[in-house]
Amino acid sequence: MADRRVSEANEHIAQAEKSLKTSFFKWQPDFDTAADAYQKAAVCLRNAKKFKEAKDVYVKAAEAHRSNKAYYHAAKNYEQAALLLKEQEEFEESVHLMQIAAKLYRENGTVDSAAQTLEKTAKFMEPVKVDVAISLYLEAVDVVMAEDRPRQAVQSMAAAARLLVRQQQYDKAVDLIQKERDLHFESENWAAVHRSVLFLVLVHLARSDSVAAEKVLHASLRYEGFTESEFGQAVDQLVRAIDEQDGSQTSAILSAPLFKYLDNDYAKLAKTLASQYGGGPGKGSGSTNEIGAQEEEDEGEFDLR
């Protein structure tokens, strides 16, 4: 069965190559026919489990579509090639082809597809190389913000911020969470604003900056419904407990269900902060290095993916 599919693929490839040839009576390559034949060949090779060969042929199909200015179809074929590479754990080349696909989607005017491609790539890169995933999420943010789509941007922004917290890049995380909060504010998504405030406070505490955390709390009192919300009340109680150096109360607050059921990276951070700021009076100033060490200790307790 596999041999028959390979033979069929070779026939389609021969047809594609013939379509690209020019002659005295045929001045222009027939890119459309070639692209279609290459796509059929790639499917045959993929079904025959000849994944490397299928990837190469998908790229040829993409190039034919691109030469024909059929950017959407070119992007689709680059994506197929990239996904085959992902399955073979050839991540660097896979990311490269996905970025080309996203660029072509933008040229075609399909911005949603461009952003989704980058987000999809970032997602599968999270367990492989977090820094690359962060960069891809931020690239997705740039794509949609260029088209003035803030509501779509906040999803990728939040994902990037979460990964920055995982990497203990707290200063960068603060900047991104602030931008996320401000976009939610502009759209009057108050629940999301309140949640962003909670994240900001946690990250400032991870930076050992309880003063900044308190400033965030006071600045947030102007947000509609904040003081009555569960996030607002938790932040107020947490900042007060830390200011009073009440370690047991701090630990109890950070161990509450509200914190346990946050996104995994923030839940893990809350658990770490409970250990660093808790434990009785005088334990209200855990250092960033101590936090990092505690996170490494707890690494196996959370599925961060």
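1. At what angle do helix H6 and H7 pack, and how far apart are their axes? In this predicted model, helix H6 (residues 111-125) packs against H7 at an angle of about 165 degrees, and the axes of the two helices are 8 Å apart. An angle over 145 degrees counts as roughly antiparallel, and H6 and H7 are therefore roughly antiparallel to each other. The crossing of H6 with H7 is left-handed.

2. The residues that join these two helices can be listed from each side. H6 contributes Val111, Ala114, Ala115, Leu118, Glu119, Thr121, Ala122, Lys123 and Met125, while H7 contributes Val130, Val132, Ala133, Leu136, Tyr137, Glu139, Ala140, Val143 and Val144. Sorted by class, the contact of H6 with H7 holds 14 nonpolar residues, one polar residue and three charged residues.

3. Ser113 also belongs to helix H6. Is Ser113 buried or exposed? Its relative accessible area is 19%, and because buried means under 20%, Ser113 counts as buried. Apart from neighbours within four places in sequence, Ser113 is in contact with Tyr72 and Tyr105.

4. A further helix pair is formed by helix H2 (residues 31-47) and helix H3 (residues 51-67), whose axes come within 8 Å and cross at roughly 165 degrees. H2 and H3 are therefore roughly antiparallel to each other, and their crossing is left-handed. On the H2 side, the residues that meet H3 are Phe31, Ala35, Tyr38, Gln39, Ala41, Ala42, Val43, Leu45 and Arg46. On the H3 side, they are Phe51, Glu53, Ala54, Val57, Tyr58, Lys60, Ala61, Ala64, His65 and Ser67. The contact of H2 with H3 divides into 13 nonpolar, three polar and three charged residues.

5. What is the handedness of the crossing of H10 and H11? The crossing of H10 and H11 is right-handed. The axes of H10 and helix H11 (residues 210-220) come within 7 Å and cross at roughly 165 degrees, and the two helices are therefore roughly antiparallel to each other. Val197, Leu200, Val201, His204 and Leu205 of H10 make the contact with Ser210, Ala212, Ala213, Val216 and Ser220 of H11. The residues of this contact comprise seven nonpolar, three polar and no charged.

6. Which residues touch the most other members of the largest nonpolar core? They are Val203, Leu238, Phe259 and Leu262, in a core of 97 residues. Helix H10 (residues 190-206) supplies the largest share of this core, eleven residues. As background, nonpolar side chains tend to be buried together in soluble globular proteins. When neighbours within four places in sequence are left aside, Val203 is in contact with Val165, Tyr170, Ala173, Val174, Ile177, Tyr266 and Leu269.

7. Helix H4 (residues 71-87) includes Lys76 and Glu87. Lys76 has a relative accessibility of 37% and so counts as partly exposed. Glu87, by contrast, counts as exposed because its relative accessibility is 55%, and exposed means over 50%. The C-alpha atom of Lys76 is separated by 9.5 Å from that of Met98, a residue 22 places away along the chain. Glu87 and His184 are 97 residues apart in sequence, and their C-alpha atoms are 36 Å apart in space.

8. Most residues other than glycine have a negative phi. Glu89, however, has a positive phi, near 60 degrees. Glu89 is located in the loop between H4 and helix H5 (91-108), and its relative accessible area of 60% makes this residue exposed.

9. Where is Asp148 placed? Asp148 is in the loop between helix H7 (130-145) and helix H8 (150-166). Its phi is likewise positive and near 60 degrees, in a residue other than glycine. With a relative accessible area of 62%, Asp148 is exposed.

Definitions and conventions
Residues numbered from 1 in each chain as written. Predicted model: local features only at pLDDT ≥ 70, side-chain atom pairs only at ≥ 80, totals over all residues. Heavy atoms only, no water. Helix = DSSP H or I, 4+ residues; strand = E, 2+ residues; numbered from the N terminus. Buried < 20%, exposed > 50% of the residue type's maximum accessible area, 1.4 Å probe, protein only. Core = buried A, V, L, I, M, F, W, Y, C linked by side-chain atoms within 4.5 Å. Contact = heavy atoms within 4.5 Å. Axes fitted to C-alpha atoms, helices over the stretch in contact; angles between N-to-C directions. Parallel < 35°, antiparallel > 145°, perpendicular 65-115°, else oblique. Left-handed = near helix turned anticlockwise from the far one by under 90°. Nonpolar A, V, L, I, M, F, W, Y, C, P; charged D, E, K, R; others polar.
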